Amino acid sequence: MTTVIFFLPFLLLFVVFGVYAERKISAFIQDRYGPMEVGYYGLLQTVADLLKLIQKEDIVPDKADRKLFLIAPIVIFIVIFTSFSLLPLSPDWQGSSVQTGVFFLMAIISLDVIGIIMAGWASNNKFSLLGAIRSAAQIIAYEVPLTLSILCVLVITQTLDLQTISYQQGIWSTVITDEPNYLFGLAVTNINITEVGGILTWNVVRMPLLFLVWVIYFISSLAECNRAPFDLPEAESELVAGFQTEYSGFRWSIVALSEYAMMLLVSLLGVILFFGSWNTPLPNLGNIELATWTSGTLGSPSAYLWGIFWLVSKTFVMIFLQMWARWTFPRVRIDQLMSLGWKYLTPIALIFLLFCSIWRLLML
Amino acid sequence: MVLFYFILSAFLFSVGLAIVITRKNAIFVLIGIELMLNAANLNFVAMSKSITLDGQFFALFVIVVAAAETAVGLAMVLKVFNYFKTVELDKINELKG
Amino acid sequence: MIDVLIYFFSALAAISALYILFTSNILYAAFALVITFLAIAILYILANADFVAATQIMIYVGGIVVVIIFGVMLTNKLVNSAPKSGSHNKFIAFIISGVLFTLLTFAILDMNLGALGVERGNIQSLGYGLMTNYLLPFEMAAILLLLALIGATVIVSQKNVKK
């Protein structure tokens, strides 16, 4: 429960600087300056935007379904914010330690569609409705490869608990299990890396195929967040702004906030599942115990701080990748989107699931 | 507390049945059937015991079958809509194809 | 504490189910169905069935309700008018379901519930069971899902019939 103390302010700060980063990165990619006026180097631009948004009128269209229109953004935000409660932040700090962690997370994420459909229908606008239908179709379609790619990780880790998955990927794996960590997870190599830790015990290195699985995860997570190149639900040139067309002021900013929260969520989940969660990337090399130095002492505040530091900085790299993808690739067509999801990603993810299961047998 | 689950389950089942009987729209009827399936599930889960967990297995299978049922059911509703241009069950009264 | 939660979410499930019964707007009914399903999922958690609860949320709310909403959207004109639907046989339905509920309640109160106890089930034993005692139903469910997938696609696909 206590992680809400961290996540709520962190989320708000992240959105303010995420929007700024997005504008600066897009400007850098397109060889221009981006926001420069407000504050030093445009740093306060988003704050100014937020102030403007909050004092704007909260317009409800006359013919809209008033009740649903008003609660839809709140539903979207609550759903996404709830799923943050399941994430571990550092070795001893997890919001809610349920046995079925990842599964619950996926279930809660799939609720997001309900809010989007609610917003789209209640607006009583053809653009909103079309955007909502597209969004729902897209999110449901890409949930399949997303779940399958997560399943590949779960086959290797043999648990649904996010905190256990985190422990397995570092020098503290002895806390939860007696099994030693071998290089590439294979006992045949006989190179025990339990004490080495660092990047070598991350899931992507323990099981190198998982890197390709992560590519599938990354593509599907872009589609789940409705981000470019899969931002069809809000394709500006066709649908004005999709399901959020009629929203304005504070309610619109909640919708935008949930979008960034979703980005943060899938990035955090990707880091936890594939890139070592809160574990340090630096391995212990003989006497140079980089991993021990950069992990703190288990149970002390240093472990909390290092855990959060590594988790958040790895997550920011993922978010940078998402922004990079957004400003590099053109938007796909709806038929391309569907054929990519169903005809390519899903079968490939299934094949990887088979490979991962075989690898797991070799790990025994 | 198990008793309370059972009574809620009975109540949801009755409401689901009432929806199935009274509603004209085919999609409403599907919603009623889903409610009845959920009522049955609630019983199974409330009765599941620690070691064997039979009730939970049953509930899982019921959920899977319900998903299949809804998919096929809605496909049929759409087909009916394409032909009769309505999904009001009392207006669909001819067998001639 | 848990008792209070059970009462609260049971009441929520019952009220939203009743709302579905009495509303004439199909989309409102679908959104009320979401509340019913979520309340039932929380009741599952309170009965220590975490995995079933997560499955319930994922498949019922994330899948079935969305498909139902799609069904509503494809069979109604949505812009500028709410999708309404009437009802009939009200008296018969009231009698039948009222009698059924009374009968079931009497039967339930008459049962010997002393033998039952809800304890914590873990996902290990669920997974183990699915791969041992329940392997056949598990595989059958997989085949059933595949058949439903193909069947639904075949039923709705528009064939080019030459006239």
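Residues are numbered from 1 along each chain as its sequence is written, while chains are lettered from A and ligands numbered from 1 in the order in which they are written. As the model is predicted, local features need pLDDT of at least 70, side-chain atom pairs count only at pLDDT 80 or more, and totals for chains, interfaces and linings use all residues; side-chain values use heavy atoms, with hydrogens and water left out.

Start with how the chains meet, taking contact as heavy atoms within 4.5 Å. Two pairs of chains touch, and the pair with the most contacts is B and C. Chains A and B, by contrast, do not touch, and 14 Å separates their nearest C-alpha atoms.

Chain C has six helices and zero strands (helices are DSSP runs of H or I with at least four residues, strands are E runs of at least two, and both are numbered from the N terminus). Along the sequence this reads as α-α-α-α-α-α. The chain is divided into domain 1 (1–84) and domain 2 (122–163), with bounds that come from an automatic or database domain assignment. The C-alpha centres of these two domains of chain C are 23 Å apart. Of the 163 residues in chain C, 41% are buried, where buried is under 20% relative accessible area, exposed is over 50% and partly exposed is in between (1.4 Å probe, protein chains only). Among contacts in chain C with a separation of 6 or more, 58% come from residues 24 or more positions apart.

Next comes the core. A nonpolar core here is a set of buried Ala, Val, Leu, Ile, Met, Phe, Trp, Tyr and Cys residues joined through side-chain atoms within 4.5 Å. The largest one has 188 residues, and those with the most contacts inside it include A:Phe7, A:Leu210, A:Phe274 and C:Ile20. Domain 1 (1–84) and domain 2 (122–163) of chain C each give this core at least three residues. Setting aside residues up to four places away in sequence, A:Leu210 touches A:Cys152, A:Val153, A:Ile156, A:Asn203, A:Val204, A:Phe274 and A:Cys356.

A:Cys152 turns up again around A:Phe352, which is in contact with A:Cys152, A:Leu209, A:Leu212, A:Val213 and A:Ile216, neighbours within four places in sequence aside. A:Phe352 sits in helix H14 (residues 334–363) of chain A and counts as buried because its relative accessibility is 12%. Its C-alpha atom is 35 Å from that of A:Leu305, 47 residues away along the chain.

Helix H6 (residues 126–157) of chain A pairs with helix H3 (residues 50–75) of chain C: their axes come within 12 Å and cross at roughly 145°. Axes are lines fitted to C-alpha atoms, for helices over the stretch in contact, and angles run from 0 to 180 degrees between N-to-C directions. The crossing of H6(A) and H3(C) is left-handed, that is, the near helix is turned anticlockwise from the far one by less than a right angle (clockwise would be right-handed). On the H6(A) side are A:Leu129, A:Ile133, A:Ala136, A:Ala137, A:Ile140 and A:Thr147, meeting C:Met58, C:Gly62, C:Val66, C:Phe70 and C:Met73 of H3(C).

A:Ala132 also lies in helix H6 of chain A and counts as buried because its relative accessible area is 1%. Beyond four places in sequence, A:Ala132 contacts A:Ile116, A:Ile117, A:Gly120 and A:Phe243. A:Met118 is 14 residues from A:Ala132 in sequence and 8.2 Å away, C-alpha to C-alpha.

Finally, two loop residues of chain A stand out for their backbone. A:Gln158, in the loop between H6 and helix H7 (162–168), has a positive phi near 60° without being a glycine. A:Asn226, also not a glycine, has a positive phi of about 55° and lies in the loop between helix H9 (210–224) and helix H10 (236–239). With a relative accessible area of 6%, A:Asn226 is buried.
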